[in-house]
Amino acid sequence: MRNRSGVTTEKENNFINGGTAALSTAVPSETKTTGAEPVKKAKAKPVSISFTDENLSEIDSRIRNEILAGGTRVNRSDIVRAAILGLERFSDEEISLLISKAKLQ
């Protein structure tokens with residue numbers, strides 16, 4: 001910080017740590033009734049992935065099909081996550097074959 005004359009670290013820390021926002025010990029109403037722990041939503045991290053035009057058109061057609069079927073709003077990330085979930089059905093050997101088939105030549 002600039003121009004800190006007359007401000008001690010102790011006063012600064014007291015100010016920063018002295019707030020009371022969101023420090024309530026009250027339990028949300030959902031956990032009161034069910035007794036379950038609150039579920040934390042996973043956070044997504046943006047990454048860059050390369051696709052061929054054919055891959056992109058296939059992903060876009062999946063999005064279009066989902067919209068036409070009356071499903072929820074879908075984006076490309078949802079399609080890729082669904083594909084990853086779909087890999088759970090395959091053995092490690094089958095996944096290796098798929099990866100070798102998918103590699104760009």
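Predicted model: local features only at pLDDT ≥ 70, side-chain atom pairs only at ≥ 80, totals over all residues.

Biologist: How do you know that the span of helix H3 is close to the expected one?

Modeller: The expected span is 1.5 Å times one less than the number of residues. Helix H3 (residues 53-68) has 16 residues, for which 22 Å is expected, and it reaches 22 Å from its first C-alpha to its last.

Biologist: Why is Ile84 called exposed?

Modeller: Exposed means over 50% relative accessible area, buried means under 20%, and partly exposed lies in between (1.4 Å probe, protein chains only). Ile84 has 52% relative accessibility, and therefore counts as exposed. Ile84 is found in helix H4 (residues 76-86).

Biologist: Which residues of H3 are buried, and against what do they pack?

Modeller: The buried residues of H3 are Ile59, Ser61 and Ile63, and they pack against H4, where contact means heavy atoms within 4.5 Å. In the chain, buried residues make up 7% of the 105 residues.

Biologist: What makes Glu58 and Arg62 a salt bridge?

Modeller: A salt bridge requires a side-chain nitrogen of Lys or Arg within 4 Å of a carboxyl oxygen of Asp or Glu. The closest N and O atoms of Glu58 and Arg62 are 2.9 Å apart, so the pair qualifies. Both residues lie in helix H3, four residues apart, about one turn of the helix. Glu58, at 39% relative accessibility, counts as partly exposed, as does Arg62 with 48%.

Biologist: How many salt bridges are counted by this rule?

Modeller: The count comes to three. Asp60 forms one with Arg76, the closest N and O atoms being 3.0 Å apart. Because Asp60 lies in helix H3 and Arg76 in helix H4, this pair ties together parts that are 16 residues apart in sequence. Arg81 forms another with Asp78, at 2.7 Å between the closest N and O atoms. Arg81 and Asp78 are three residues apart in helix H4, which means a separation of about one helical turn.

Biologist: Why are Asp78 and Arg81 called partly exposed?

Modeller: Asp78 has 27% relative accessibility and Arg81 has 42%, so each value falls between the two cut-offs and each residue counts as partly exposed.

Biologist: Which residues form the nonpolar patch on the surface?

Modeller: Ile84, Leu87, Phe90 and Leu98 form it, with about 340 Å² of accessible area together. Patches are made of residues with over 30% relative accessible area and no salt bridge; like charges are joined within 9 Å, and nonpolar side chains (Val, Leu, Ile, Met, Phe, Trp, Tyr) within 5 Å. Accessible areas come from the Shrake-Rupley method with a 1.4 Å probe; for residues, only the protein chains shown count as cover.

Methods:
Residues numbered from 1 in each chain as written. Heavy atoms only, no water. Helix = DSSP H or I, 4+ residues; strand = E, 2+ residues; numbered from the N terminus.
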